[in-house]
Amino acid sequence: MQKFLAYPLSTLYLIFFGATLLVFHPIQWACFNLFGYNAHRISVALLNLCLMRCTHILGTTYSFENPHNIPFDRPLIIVPNHQSMHDIPPIIWHMRKYHPKFVSKKELGKGIPSVSYNLRHGGSVLIDRKDNKQALREIIKLGKYIETHGRSAVIFPEGTRSRDGHPKPFKTTGLKLLMKSAPSALVVPISIDNSWKMLKYGKFPNGLANHITFKVHRPIAVTKDVDTIIEQTQEAVVSGISSFKA
């Protein structure tokens, strides 16, 4: 019965989702070209709030737990697990004061209204997963950017999303490069849970009535012992994923 209902509700959701991207594309352009960085950043945050609201059509609810007083005066390396595209809007909205920038695959940099524009102009980097040298250069560039400007980088070290919620082993090269390029950063692990259920039927229809949780863990200062930091980060991320415990 739930899957039957998912078809019309998913269709309605996709209409609102697509309309939101189309509406915010010219808004982003105007903010970026006429008013500058801060206006563009605000428009992106509001876009992602609206994208979250669109998922309410599917009965989706969110909890974002961030009990730590994370400072605003130093760069952050935000390290979540990855379960679906629905991981991203809550991070952008709830971490908006930290100016999150993403390590994204280059395919997302073209053809998607609002999303592609933000990735190209908002400070994120687009990597070619078939060109290791290009990918490493871009990640180093992002690390230096957040170190200089005191902003945050978001990297999904699993490399690809988990289709069943179970976390994948970290691919550590990108994370190590960010830490080396931003030595004053704090690493912020985030556990994302139940986002994968939005795609439990595949790309269409969407899953219904899911409660997606985000748990921000205690930040870890970057030191020269990067292997220990990565181990601690992965342990923290995994600790908040219920499907891993099941």
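A residue is called buried when its relative accessible area is under 20%, exposed when that area is over 50%, and partly exposed in between, with a 1.4 Å probe and protein chains only as cover. The legends below describe a predicted model, in which local features need pLDDT of at least 70 and side-chain atom pairs count only at pLDDT 80 or more, while totals for chains, interfaces and linings use all residues. Residues are numbered from 1 along each chain as its sequence is written, and side-chain values use heavy atoms, with hydrogens and water left out.

**View 1. A salt bridge between Lys106 and Asp128 joins two loops.**
A salt bridge is a side-chain nitrogen of Lys or Arg within 4 Å of a carboxyl oxygen of Asp or Glu, and a search of the whole structure finds 3 of them. In this view the side chains of Lys106 and Asp128 meet, with 3.3 Å from N to O. Lys106 lies in the loop between strand 3 (100-105) and helix 4 (115-121), and Asp128 in the loop between strand 4 (125-127) and helix 5, so the pair ties together parts that are 22 residues apart in sequence. Helices (H or I, at least four residues) and strands (E, at least two) are DSSP runs, numbered from the N terminus. Asp128 is buried because its relative accessible area is 16%, whereas Lys106, at 43%, is partly exposed.

Glu138 counts as buried, since its relative accessibility is 17%, while Lys141, with 47%, counts as partly exposed.

**View 2. Asp227 and Lys176 link helix 7 with helix 6.**
A salt bridge joins Asp227 to Lys176, and the closest N and O atoms are 3.2 Å apart. The pair links distant parts of the chain, for Asp227 belongs to helix 7 (residues 226-239) and Lys176 to helix 6, 51 residues apart. Asp227 is partly exposed, with a relative accessible area of 48%, and Lys176 also counts as partly exposed, at 31%.

**View 3. Helix 5 packs against helix 6.**
Two packed helices are described by the angle between their axes and the distance between the axes. Here helix 5 (residues 132-149) and helix 6 (residues 173-181) pack at an angle of about 35°, and their axes are 8 Å apart. The axes are lines fitted to C-alpha atoms, for helices over the stretch in contact, and angles run from 0 to 180 degrees between N-to-C directions. Helix 5 passes helix 6 in a right-handed crossing, a term used when the near helix is turned clockwise from the far one by less than a right angle, and left-handed if anticlockwise. Among the residues of helix 5 that take part are Leu136, Ile139, Ile140 and Gly143, and those of helix 6 that they meet include Gly174, Leu177 and Leu178. Contact means heavy atoms within 4.5 Å.

**View 4. Phe204, Pro205, Asn194 and Lys197 are the residues to look for here.**
A cis peptide bond, with omega of about 0°, joins Phe204 and Pro205. Pro205 lies in the loop between strand 6 (186-193) and strand 7 (211-216). Asn194 is placed in the loop between strand 6 and strand 7, and has a positive phi of about 80° although it is not a glycine. Asn194 is buried, with a relative accessible area of 16%. Lys197, found in the loop between strand 6 and strand 7, is partly exposed at 28%. Leaving aside residues up to four places away in sequence, Lys197 touches Gly207 and Asn210.

Ser114 is found in the loop between strand 3 and helix 4, and its phi is near 70°, a positive value in a residue other than glycine. Gly165 and Ser84 are 81 residues apart in sequence, and their C-alpha atoms are 9.4 Å apart in space.
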